[in-house]
Amino acid sequence: MKKILLASTICAASIFAAHDPSKTYSYEVTPFASGILTDSKAGVKNDHYANLGISLAKNFDTELINQIELMYIRSDILKYMDSNKTTHVNKILLNAIKRYDITDSFAAYGFIGAGYQDVTNPILKHKDSALLNYGIGLRYDIPNYGMAIKSDIRHIYATREGQNDFMYTLGLGMPLGKKSQEPINAKVPVVNNYSPSFEPVVEKQIKEDWSNDDDRDGVKNNLDKCPNTSPEVKVNKDGCVETINLKINFDYNKSDVKSQYDSIITNFANIMKQNRAFEARIEAHTDSKGSESYNKKLSEKRATSVVNALISKGVDKYSLEAIGFGESQPIASNDTEEGRAENRRVVGYINQ
């Protein structure tokens, strides 16, 4: 059994070695060690013994649950109290897990589930049985590596004889199975040749019809993302000096801006700093996966992270605004992966 667990760990580690931090993953595999404190009903000589195990969890982007976990636990060579007999115990559990973020790296989680235990040499009241379990845990997601250090405590109840086990675990969660990435896709326009990744802005001629156009920039109020443009300033189709859609990917269920996007943040910050009269509105959007309220909260956190990154580059915090719209403003169909990728975006609107 130990060889199987070792092989599983090596296999998972080899998959992790190819991990691209710009991607997100559908599954998480966690080899772990654990200790079990059992009650006298088990009839084993030592009421505290060690175990090894492995779990496979499927990630979900919903408010109700964040993972469904299948867990296998192996207890080797347990000695009975009043007999020379020994036994092995195999436990399989299926749990629903809910995560609660504390910081971008630390999170608490709770879980509940059911399963089955197989006792290879049952004696007295230590028998095969259905199981119920519940518990709480903490995890630390190692930045930029995709792995997580996980620890939890749980109560496992064997229904057949009313046996109670209390288990504590320590494991290493690793990504498994590439999921569709959560890109924030779009083209990034250039301003004053600051970056070769920018494109020229398409300007809109100012019209003489000022109805429903309070700042008289040629863009109607309902379409104007920068409704307070200074007089005679040339604007684009959004009514802004510049509209910059930032190519930033966020890890699954995360809002921190990774260091690999430092050049994009720096370019945007340089644009802002070249004219202290500039103001920017940072908008974040998601696709329609998950609940509407969850997506809005996630988009707000991501917009705030971009604003904080710009502030760290020297942009005046009073010239920045963060807004999250969640899934409410799609620019493509959410029925296809390509469309959902377009809808996951962060946009910066620069006003003057």
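Tutor: Start with burial: a residue is buried under 20% relative accessible area, exposed over 50% and partly exposed in between (1.4 Å probe, protein chains only). The model is predicted, so local features need pLDDT of at least 70 and side-chain atom pairs 80 or more, while totals for chains, interfaces and linings use all residues. Residues are numbered from 1 along each chain as its sequence is written, and side-chain values use heavy atoms, without hydrogens and water.

Student: Why is serine 255 called buried?

Tutor: Its relative accessibility is 4%, which is under 20%, so serine 255 counts as buried. Serine 255 sits in the loop between strand 13 (248-249) and helix 2. Helices (H or I, at least four residues) and strands (E, at least two) are DSSP runs, numbered from the N terminus.

Student: What does serine 255 touch?

Tutor: Contact means heavy atoms within 4.5 Å. Leaving out residues up to four places away in sequence, serine 255 touches Asp104, Phe250, Lys301, Arg302 and Ser305.

Student: What makes lysine 313 and aspartate 262 a salt bridge?

Tutor: The term asks for a side-chain nitrogen of Lys or Arg within 4 Å of a carboxyl oxygen of Asp or Glu. The closest N and O atoms of lysine 313 and aspartate 262 are 2.4 Å apart, so the pair qualifies. Lysine 313 is in the loop between helix 3 and strand 15, and aspartate 262 is in helix 2 (residues 262-273), so the bridge ties together parts 51 residues apart in sequence. Lysine 313, at 25%, and aspartate 262, at 37%, are both partly exposed. The whole structure has 13 salt bridges.

Student: Where do arginine 340 and glutamate 337 stand relative to each other?

Tutor: They are three residues apart in helix 4 (residues 337-343), about one helical turn. An α-helix has 3.6 residues a turn, so residues three or four places apart point the same way. The side chains of arginine 340 and glutamate 337 meet in a salt bridge of 3.1 Å, N to O. At 14%, arginine 340 is buried; at 27%, glutamate 337 is partly exposed.

Student: Which strands form the open sheet?

Tutor: Four strands do, in the order 12-16-14-15, with mixed pairing. Strand 12 (242-246) and strand 15 (320-326) are at the edges with a single partner strand each, so one side of each has no neighbour in the sheet. From one strand to the next, the twist averages 20°.

Student: Why do strand 12 and strand 16 count as paired?

Tutor: Pairing requires at least two DSSP bridges, and five join strand 12 to strand 16 (residues 345-351), so these antiparallel strands pair. Strand 14 and strand 15 pair in the parallel sense, over six bridges.

Student: Why is strand 15 called largely enclosed, although it is at an edge?

Tutor: Five of its seven residues are buried, so the rest of the structure largely encloses strand 15.

Student: What makes a group of residues a nonpolar core?

Tutor: Its members are buried Ala, Val, Leu, Ile, Met, Phe, Trp, Tyr and Cys residues joined through side-chain atoms within 4.5 Å. The largest has 25 residues, and those touching the most other members are Leu246, Phe268, Met272, Ile282, Val306, Leu310 and Ile350. Strand 12, helix 2, strand 14, helix 3 and strand 16 each supply at least two residues of this core. Helix 2 gives the most, six residues.

Student: Which residues of helix 2 are buried, and what do they pack against?

Tutor: Ile264, Ile265, Asn267, Phe268, Ala269, Ile271 and Met272 are buried. The buried residues of helix 2 pack against strand 12, strand 13, strand 14, helix 3, strand 15 and strand 16.

Conventions: Axes are lines fitted to C-alpha atoms, for helices over the stretch in contact, and angles run from 0 to 180 degrees between N-to-C directions.
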